[in-house]
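Keep the 3D view open as you read.

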Amino acid sequence: MLGVRGGWQALRHCSSLPRAVRLRVREALGARQPVGEVKVQGWVRSVRSQKEVLFLHINDGSSLESLQVVADPSLEDRDLTFGSAVEVRGKLVKSPHKNQNMELKAETIRVVGPCDTWLFPLKMKERHPLEYVRQFPHLRCRNNTLGSLLRIRSEATAAIHSFFQDNGYVHIHTPIITSNDCEGAGELFQIEMSHETRESAQKTHFFNVPAFLTVSGQLHLEVMAGAFTHVFTFGPTFRAENSQSRRHLAEFYMVEAELSFTESLQDIMQVMEDLFKTATSTVLSRCPHDVELFHKHIAPAQKTKDRLEQMLKNKFVTISYNEAVETLKRASQTFTFKPEWGCDLQTEHEKYLVKHCGDVPVFVINYPYDLKPFYMRDNEDGPQHTVAAVDLLVPGVGELCGGSLREERLPFLESRLQRLGLADAYQWYLDLRKFGSVPHGGFGMGFERYLQYILGVDNIKDVIPFPRFSHSCLL
C-alpha cells in the first residue's frame with residue numbers, strides 16, 4: 001500500500017504525462033498552427049463513410065461552422081449517427097480543402113450519448129422552417145438557425161452591458177415581483193398562492209398587498225437615480241396582453257436606463273441612438289456568419305443588411321407627434337385606424353412614418369399629455385397639451401424604444417396623481433421629489449424587438465430561446 005509520500009509522487013508522475021488539450025470547435029477552427037493531442041467534444045452534424053476514410057462534422061455550439069473530423073473507417077461505430085454526442089481525440093492539422101482552415105485527424109472516437117435518428121425530429125442536411133422547429137421547444141436549440149440566434153442574443157447582451165459600463169452606468173437588479181403598475185395599462189400577471197397555501201393562510205395576500213410580475217423596472221430605477229447619476233437594468237418583464245400576434249410576447253427582456261441631472265429630451269435620445277448603434281456594430285462584427293444566416297436564408301426579402309448599414313451611417317430623424325399626425329393625414333395610403341390628434345400611433349402608422357422618412361430610425365417626440373403615463377414631464381404648452389416623451393420607430397418593426405423626461409416637480413406630479421386617484425399608492429414616489437429631486441429622464445428598449453429588427457425576423461416568437469405555449473404547454 002502506498003504511503004502518503006508515495007501517493008503524492010505517483011500523482012505528480014501522472015500529472016506530468018502528456019494530456020490532450022481540450023479545444024472548443026471555434027478555437028479549433030481558428031487555430032493558426034497544427035496542434036498535437038487534442039480533444040474535441042460535441043454533437044455529430046453529419047457522417048459520411050467511404051471505403052478508405054470516415055468523415056464527421058461535429059459542433060459544440062461555439063460556432064455556426066462545424067469541425068471536420070477525418071478518421072480511419074475502423075473507428076466507425078453503429079451508434080455514431082447524426083445527433084449523437086461524441087468525444088474525439090487526435091491531432092489538429094491543416095486542411096487541404098479551401099473552405100476550411102483546420103481539421104481533426106482522429107485517433108479515437110467515443111460515443112458519449114447515442115441518438116436514435118428515426119425518432120429524432122431534426123434531420124441531417126435538412127433546412128427546417130422555423131414553424132416546424134417551433135413544435136419542439138426542448139430540441140430546437142440544436143437547429144442551426146436557433147443556434148445562431150442564441151449566440152447573437154449572448155453577444156448582444158454582452159454588448160449592451162459593455163456600453164453602459166463603459167459609459168459609467170451602475171447596473172441595478174430591479175425586482176421581478178412588485179406592487180406597482182408602471183405602465184398604468186392594467187396588463188399585469190397577478191401572483192397568488194397555491195390553493196392549499198391560500199386556504200391555510202385564510203385568503204390573505206402573501207405580501208399583505210396584491211403582488212404582480214413586473215412590467216418595467218423604471219420606477220425602481222428612479223429610486224436609484226436619486227443616489228447614482230447613471231443607472232440601468234436589463235431583465236425579464238411580463239405583459240398580460242391577450243394577444244397571440246407575431247409582435248407580442250407575455251415574457252420578454254427590457255433594457256432600461258435613467259439619467260439624473262438632465263433637462264433635455266435630446267440627451268435621452270442621444271443615449272438611445274448610441275446604444276442602438278454600438279450594440280449593433282458589435283453584434284455584426286462578432287457574429288458575422290450567424291447574422292448572415294438570417295439575412296440570407298431566413299429573411300432575404302427584408303434587405304435587412306442594407307438597412308443596418310444605412311442606419312449605422314446616418315443620423316436618426318426626429319419629428320414631433322404633431323408632424324407625424326399631419327404626415328399620416330396627407331398620406332395616400334388608407335389606414336385601418338384613422339390618424340387623429342390625441343390618438344396613439346398604431347403599428348401601421350409607425351411603419352409608414354419610417355418609410356416616409358427614408359427607411360431610417362425615427363424619433364417621434366412630444367406626445368399628447370393624456371396618452372402617456374403620470375410620470376412624464378408636462379411641457380406646459382397648451383392648447384395641445386403634450387409631455388416630453390419620445391418613441392423610437394424602426395423599419396419593419398415600428399416602436400422599439402420609449403422614453404421621456406420624468407416629472408421632477410412635486411406640485412405637478414402630486415396634482416396628476418390625485419386626479420388619477422393614485423396619490424396614496426405612490427406616496428413613496430412623491431417622496432423622491434421631496435428629498436433632493438433633480439431633473440432626470442430615461443428610456444426602455446425591448447430586447448426581443450431589437451433582435452427582430454437587426455435579424456429581419458417576422459415573428460417575434462422566433463427570437464426567444466423557449467417559445468411559450470408550444471405543444472399547448474410551458475416547459
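Here are some questions and answers about this predicted model.

Q: Which residue in E10 is the bridge partner of Thr178?
A: Start with E8, which is joined to strand E10 (residues 211-213) by 2 bridges. These two strands run antiparallel. Across from Thr178, the bridge partner in E10 is Phe212.

Q: How many residues apart in sequence are the parts that Arg151 and Asp290 tie together?
A: Arg151 and Asp290 form a salt bridge, and their closest N and O atoms are 3.0 Å apart. Arg151 sits in helix H4 (residues 144-166), while Asp290 belongs to helix H8 (residues 288-298), so the pair links parts of the chain whose separation in sequence is 139 residues.

Q: Which helices do the buried residues of H8 pack against?
A: First, find the residues concerned: in H8, Asp290, Val291, Leu293, Phe294 and His295 are buried. Now look at what surrounds them in the 3D view. The buried residues of H8 pack against H4, helix H7 (265-286), helix H9 (304-313) and helix H14 (447-455).

Q: Is Glu380 buried or exposed?
A: Glu380 meets Arg409 in a salt bridge of 2.8 Å, N to O. Glu380 lies in the loop between strand E14 (362-368) and strand E15 (386-394), and Arg409 in the loop between strand E16 (398-405) and helix H12 (410-420), so the pair ties together parts that are 29 residues apart in sequence. Arg409 is buried, at a relative accessible area of 17%. Glu380 has 52% relative accessibility, so this residue counts as exposed.

Q: What is the N to O distance in the salt bridge of Glu407 and Arg409?
A: Both Glu407 and Arg409 are buried. Their side chains meet in a salt bridge, with an N to O distance of 2.7 Å.

Q: How many salt bridges does the count come to?
A: Some salt bridges share partners, and in this way Glu37, Lys91 and Glu107 are joined into one network. For the model, the count of salt bridges comes to 20.

Notes
Residues numbered from 1 in each chain as written. Predicted model: local features only at pLDDT ≥ 70, side-chain atom pairs only at ≥ 80, totals over all residues. Heavy atoms only, no water. Pairing = 2+ DSSP bridges. Helix = DSSP H or I, 4+ residues; strand = E, 2+ residues; numbered from the N terminus. Salt bridge = Lys/Arg side-chain N within 4 Å of Asp/Glu carboxyl O. Buried < 20%, exposed > 50% of the residue type's maximum accessible area, 1.4 Å probe, protein only. Contact = heavy atoms within 4.5 Å.
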